[in-house]
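Hello,

The structure we talked about is below. My notes on it follow, for you to read alongside.

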Amino acid sequence: MADFIQLKAYPMAFATRLIGFLPLLLALAFPVRAEASGSFVNWETPHVHPLDMTPDGTKLLAVNTADNRLMVFTLTSGIPVLAASIPVGLEPVSVRARTNTEAWVINHISDSVSVVDLTTLNVVRTLRTDDEPADVVFAGSPQRAFISCSQVNRVMVVDPLVSSPVPVRISLWGEEPRALAVSPDGTKVYAAIFESGNGSTVLGGGNVNPSFARTNPVSSASSPYGGVNPPPNVGSGFSPALNPANPPPPAVGLIVKKNAQGLWMDDNLGDWTSFVSGANSAASGRVPGWDLPDNDVAIIQVSTLSVSYVRRLMNLNMALSVHPSGKVTVVGTDATNERRFEPNLNGRFLRVMLALVDPANPGAPGLTDLNPHADYTVSTLPQWKRELSLGDPRGIAWSADGTRGYITGMGSNNVVVVSNLGARVARMTVGEGPTGVVVDGARGRLYVLNKFGASLSVASLSSNLEQARIPFFDPSPATIKVGRKYLYNTRNYSGQGHISCGSCHVDGRMDRLAWDLGEPSGSVKTLTGQNLGMGVPALTPGFENWHPMKGPMVTQTLQDIIGKEPLHWRGDRAGLEEFNPAFIGLQGNDTALPAAEMQQFEDFLATLTFPPNPFRNIDNTLPTNLPLPGHYAPGVFAPAGTPLPPGNAVNGLAIFRPPRLLGSNVLACNTCHALPTGQSSAMTWNGSQFVSLPAGPQGEQRHGLVSADANTHVTMKVPQLRNLYKKVGMEFSQTSNLSGFGFMHDGSVDSLARFIAQPGFTPASDQEVADLVALMLALSGSELPVASGTSVLEPPGMASRDTHAAVGWQLTLDSPLLSTSQQSLLSTFFSLADAGKVGLVVKGRQAGLQRGYTYVGSGTFQSDRALETPSAAALQLLAGPGSELTYTVVPKDTEWRIGVDRDEDGLLDRDELDNGSRPDGP
């Protein structure tokens, strides 16, 4: 019961009011649900600004991401009371009240904004945005809406009063702009760059082929260490000391970081500036003057839409708010990835930070460690100190007088209270996974949205104590709810209470950094039981055991890794179980997970799914004329730095497969990168066909390893290719870069084009390079050819857990009369649903009631009343002002739950409401 509501110190009338809800709360605490297989897709989408209050203070607005809804709570009764739960787009992550009667909801997977009338409680307009919108704010006179679109690094500016506004697009020089805020005078909009980086980059050092695309400056005789590779990390030696029983470690790359003086330094005070940006920059493949601006906050002037930047705050800027004084306050984490070796990073590889920025003097930000009790000279603190820590901060809000700030710790399940200078003054425990936070000064309360716990915490501003915890409906399967904590929880699974697996694998994805987690005193690991070269003769020679000194390796996504074993860049972890010691050896925890909990973690990770690929056409086909801004010729044909022409991914696919042999005219691209995921095959060639291998003792698969990467890491796993578009941003031919890490295991190849055009491969022109780049950007996994297994050059790959490109698309109708473009889009929706590729649902209010419909094929819908099955034409006739209907494309097999049976109990939603029961519970 404590997980659902906690009664603490507050007036008796308040307690009496809550006790009246007890039967309902008990029912919510023990729901009976039938979880249909495949009825829920977990994209693990992060919140940005999920909680807001209307200007008049009468309503609290909260997104319910898992249920694809906006929840409206009234605040007039003393506690938030749920008044409406309004269907919006897929994966809402932010909400803002534009007025007392209108809210804008940002739908991250739908790439849309739902404009909600808070009087009629319906979506009245849907605005299509660029890819992966994250937040919205309103500023200027006349007022305009500013919408951050994180995947494309843009802010869209639209007139909020126009039904189909023509946007102005502002390009930002930073990866993943998300959280937005407005200056007190309304003249500036601030955008936090989520993946800003921390001024670190990698220098190549493991190249064994001079003609290969990777450079080798770390092994250069003119390096700070005279070519010694790996370079020492303490004076002239190593800490920990090298294991004398091991063979010499392989030559590897090196992470360097720009300091306040603009010098590129390693963790042993070695100065590599000459190789990064100076006279010897060509040795690392870079042009002279190469740089990482490290933009953290964009400042947009509302009147001119000009942009300037605040720099050098932290590498993950998770949330921001404007202090009443006008200072911009940002919370996030800053990684110490320039420091080498796992024992030296154990339990202390990042800091949780607060930045205070005066827009009048943005070059002098104030930075505060939000865990002043932490001791970074050790890996582990006593449990009572861990309880003090703030981890994974995702929200910040200030009191109206600016004396107190409230910061949510999504990983630590608490809220930290700070002074106007950022000093900690209190903390309070709330529900699981707190993200959004709103200060209600008039009532002396704080509201906190607990994403993982599916609840709303109500706390006292005077006592800093949680007073109540109000649950709401969450359709997520138990597998997700139970196993999620092992990714995010910082307090229970780390030695200082502030880090977790999710500190680097942010939201199950990446931090866009590389880490050297080698262990000088460790032992060599043998290749026993590995699928070496998939039995392909050209890929079987030359394997070596894994040395514990592995050098830098970029963080990999956790999406769809279960069933794709072995894991990690080298394939040196047979399955997830072999990462269990990292809870002690890297996170500093006292113990590893028991086997049952490790299985819960694995079951959760098995749900992580790639979102729709933004480069696919709406019907999920490959693009044939894809513009490639930001992609440049590598210098094989046209001069390096020449913009690439548009790419034809269909032609790229033909080049990728036999009979075309790009790999030294011996192998096809997909001999190693088997389709549909681009990962190696889990089968082996027996001389006439590919045959399956038995699973490992924990059920893990045995995907192939290769030894042909032209680097000193001889034994490597072939990586999957479905998120390459998330890793672009480093270009050696350009002086200003978005990222310090690119491709390959260590990130030392700057661009897709350079990798594709390296001498080991044989594209015929820059057009073929462009075609292959287009394919790599659009390689989502689904609807790609899978080999039969009878050709040694084309092994079969394993199925992909990804999402059709049409999923999330929306259309809101306020009239049965459709424009040509509306008719065309709706026709596409029906065609894809009839083909069984997606589901289609319709939501809206009819006769004052919230209604839902699921398309069941042949022009027929099933309504949320079992006996109603309107035709598509009849349903369309119901659309009108005040009775708007929103069509949404959803993943196949989710349409019944999303459309007509929220709790999957077999009773349709409206039938339940008509009979006095609830569709969001038993």
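A residue is called buried here if its relative accessible area is under 20%. By that cut-off strand β9 (residues 133–139) is mostly covered, with seven of its seven residues buried. Please keep in mind that this is a predicted model.

β9 runs antiparallel to strand β10 (residues 144–149), and six bridges join the two. In one of these pairings, valine 137 has phenylalanine 146 of β10 as its bridge partner. Together β9 and β10 make a hairpin with four residues between the strands. Glycine 140, in the turn, has a positive phi of about 95°.

Further along there is an open sheet of four strands, in the order β24-β25-β26-β27, with antiparallel pairing. β24 (393–398) and β27 (424–429) are the edge strands, each pairing on one side only. From one strand to the next the twist averages 20°. β24 is joined to strand β25 (residues 405–409) by five bridges, and proline 393 stands opposite glycine 409 in β25.

On the helices: the axes of α10 (residues 649–656) and α13 (residues 766–778) come within 7 Å and cross at roughly 100°. Angles of 65 to 115 degrees count as roughly perpendicular, so α10 and α13 are roughly perpendicular to each other. On the α10 side the contact is made by Ala649, Asn651, Gly652, Leu653, Ile655 and Phe656. α13 contributes Glu768, Asp771, Leu772, Ala774, Leu775 and Met776. The residues of this contact divide into eight nonpolar, two polar and two charged.

Regards

Notes. Residues numbered from 1 in each chain as written. Predicted model: local features only at pLDDT ≥ 70, side-chain atom pairs only at ≥ 80, totals over all residues. Heavy atoms only, no water. Axes fitted to C-alpha atoms, helices over the stretch in contact; angles between N-to-C directions. Parallel < 35°, antiparallel > 145°, perpendicular 65-115°, else oblique. Contact = heavy atoms within 4.5 Å. Nonpolar A, V, L, I, M, F, W, Y, C, P; charged D, E, K, R; others polar. Buried < 20%, exposed > 50% of the residue type's maximum accessible area, 1.4 Å probe, protein only. Pairing = 2+ DSSP bridges.
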